[in-house]
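Biologist: Please show me how to read the features of this model, one at a time.

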Amino acid sequence: MRAVVGLAAVTSLSLTATGCVTVHGELAVVPTAQRSEAAQALKVFTDAYNAADRAYDPELDAGQVTGALGAINQAGLRSRSVTDPDGNPRHVPLELTDAKFTIPKKAGWPRFFLADTDSNRDVDNGPQDNRWLLVFVRNGPDRAWEVAYLTIIATGAVPVFKTDGDGWGEAIRPDDKALAVAPNALSDEYTSYLKTGEPAHFAPGPHTDGWRTERQKVARVPGFTQQYVDQPLKDGDFAPLGLATKDGGALVFFASRFFDRQTAAKGLRPRVSADVRALMTTTVTSTLTKEWMSNQAVTVPRTGSGGAQVDVIGRLQGVTGAVGS
């Protein structure tokens, strides 16, 4: 688990043989971006992220983030603007290099692409070497490219994507029945699994059974009661986005929200960190409820692929709000 703090082909109007009107490529199956456009979007995002992180000012990159990452990034910056009003004294510019773009061909909006990058936040050529996977989304011809999902995974864990003869990727439909779990069902099923352990088709790992075990341990801390509520997110800027992989499955990014509520026994009080306190407007006496945003990257096998399970290969989360009572 990693937490990040601080941290959009136009065609002419035409009438087809069937009488359908195509405006701005809404009906045409085209690459969602040109490769040079994708590279420029990555640069714009990185520059804005660095400006916002340096100043701890959420307005400086608000136009380059959306969805799950946007919620995490903006809340983190708001918090740091309170705890460090003069900016980030430890700022080191983020560098995203060795970018490999997977750009699908699809019709309509939103359009998206994946940037698989190497950051300067790790140690290369070792067990801590990792890749930053950023999903850029554009919601209309007059909208900018924004990053909706960010997942950080080990180098070598990035799946091989399915591409055509020209190197373009293949987008996965939200209701794709060729997959063991359709993308638009993942958030519902994942939040159900975290609560009950069902459905049991999630592979073991730190973001599945490991996270359930961690929650159970926290819930047994003497003097405190810990409760969790998980909620699916799958609409608008929180919609799942997926790319077909060479093995017939898919890599899918999706979002969820959860709340953790800690209630103290008489005479005790929940501890509140400075970054969480900065997001609060109420006082903690006996109860602290934190709201979290979480985004997951999963590999989903194709239907009928034997005992293959949905594997959560990455998860990024951050506190987006807190209430005391």
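Biologist: In what hand does α3 pass α4?

Modeller: A crossing is right-handed if the near helix is turned clockwise from the far one by less than a right angle, and left-handed if anticlockwise. Here α3 passes α4 in a right-handed crossing. Helices (H or I, at least four residues) and strands (E, at least two) are DSSP runs numbered from the N terminus. The model is predicted, with local features needing pLDDT of at least 70 and side-chain atom pairs 80 or more, while totals for chains, interfaces and linings use all residues. Residues are numbered from 1 along each chain as its sequence is written, and side-chain values use heavy atoms, without hydrogens and water.

Biologist: At what angle do the axes of α3 and α4 cross?

Modeller: Two packed helices are described by the angle between their axes and the distance between the axes. The axes of α3 and α4 (residues 209-218) cross at roughly 45° and come within 9 Å. α3 and α4 are therefore oblique to each other.

Biologist: Which residues of α3 and α4 meet?

Modeller: With contact meaning heavy atoms within 4.5 Å, Y190, Y193, L194, K195 and T196 of α3 meet D209, W211, R212 and R215 of α4.

Biologist: Where do cis peptide bonds occur?

Modeller: One joins E198 and P199, with omega about 0°, and P199 lies in the loop between α3 and α4. Another cis bond joins W109 and P110, again with omega about 0°. P110 sits in the loop between β6 (104-106) and β7 (111-119).

Biologist: Which residues lie nearest the centre of the largest pocket?

Modeller: A pocket is an open set of points on a 1 Å grid where a 1.4 Å probe fits, with protein on both sides within 12 Å along at least five of seven lines, and lining residues have an atom within 4 Å of a point. Of the 20 lining residues, P110, P174, A239, P240 and L241 lie nearest the centre. β10 (169-172), α3 (183-196) and β12 (241-244) each supply at least two lining residues.

Biologist: What is the phi of Y56?

Modeller: Y56 is not a glycine, yet its phi is positive, about 50°. Y56 lies in the loop between α1 (35-55) and α2 (67-83).

Technical notes
Axes fitted to C-alpha atoms, helices over the stretch in contact; angles between N-to-C directions. Parallel < 35°, antiparallel > 145°, perpendicular 65-115°, else oblique.
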